[in-house]
Amino acid sequence: MPLLERQKLVNSDHELSIRLQCQMLSIHRSGLYYENRGESALNLELMRLMDEHYHQYPYKGVPMMYAWLTKDKSYLVSRNRVERLYYKVMGLRAIIPGPHTSKRHKNHAVYPYLLRGLNIERPQQVWATDITYMPLPRGFMYLTAVIDLFSRFVVGWSLSNTMEAEWCQQLIETAIGEYGKPEILNTDQGAQYTSDVFSQYVVGSGIKLSMDGVGRATDNAFIERLWRTVKYENVRFKEYRNGTEMRQGMEIFFPDYNTQRRHSAIDYEMPAKVYNEGLIGISNRSQN
């Protein structure tokens, strides 16, 4: 049974605890849908403001974001607070090189960036994955997705209340189970992706793992474009009230994105059409 279907079976009213239900269904609790309420009202307000401002000015790191909040928005907050929310909670990073811009774990192995100069000419050649912060009125969620770079086709997505390596690994496993494996998977240097849980699964599946350079959000710009589309064309328009509504909205958004929304990077075709026609072309060439 697919991961998303197993997640839907978890019931908070069941006589078994959520933990036991997750164990029996072989899923991680971080993949369940409820908003994170561990931050104060002020922090939630600051994060919503930073998230909106970041997607207008993605070159702004902590110093410029702190200056904007304190001088332009008149918030009396410390730089340490802004830095913690920006890097550790929201997982943001400026698009220009700078210190502390990827949440790399110092004891984790980092893989080289393999996309520089690479001609991406077919589906299943390169996938990319990332995580983004998703604001809610009384909390927030994290959204992760996997995109085929040739077609911009989203092969998998998941919502969670925490950013954990097992959650990221499960998404890749589910996408491979449905679509087969890519030749290369590109990520940033976040601790979720450099962890043994994630990296060993990817490499052990026969996939080349590629990682962006430190502070180089532009290396993974393909999926950064997807995040802007999700937020500006859906999340801020829909104004979801909780994690359940957001999950239901994403269940509508991603199929529409794949099959209905024309994408400028692929000559205004639909991602699913480009993906499927590309696979047919590969099949025809292999038969000749």
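E251 is partly exposed, at 29% relative accessible area (partly exposed lies between buried, under 20%, and exposed, over 50%, with a 1.4 Å probe and protein chains only). Its partner is R247: the two side chains form a salt bridge, 2.9 Å from N to O. A salt bridge here is a side-chain nitrogen of Lys or Arg within 4 Å of a carboxyl oxygen of Asp or Glu. R247 is buried, at 14% relative accessibility. Both residues sit in helix 10 (residues 243–259), four residues apart, so about one helical turn separates them. Helices are DSSP runs of H or I, at least four residues long, numbered from the N terminus.

This is a predicted model, where local features need pLDDT of at least 70 and side-chain atom pairs count only at pLDDT 80 or more, while totals for chains, interfaces and linings use all residues. Residues are numbered from 1 along each chain as its sequence is written, and side-chain values use heavy atoms, without hydrogens and water.

The whole structure holds eleven salt bridges. One of them joins R236 to D51, with the closest N and O atoms 2.6 Å apart. R236 belongs to helix 9 (residues 221–238) and D51 to helix 3 (residues 41–56), so this pair ties together parts 185 residues apart in sequence. D51 is buried, at 0% relative accessibility. R236 is partly exposed, at 23%.

Now turn to helix 11 (residues 271–287), where K273 and E277 lie four residues apart, about one turn. Their side chains meet in a salt bridge of 3.1 Å, N to O. K273 is partly exposed at 35% relative accessibility, and E277 is partly exposed at 45%. The pair belongs to a salt-bridge network that also links R262 and E269.

Terms used. Helix = DSSP H or I, 4+ residues; strand = E, 2+ residues; numbered from the N terminus.
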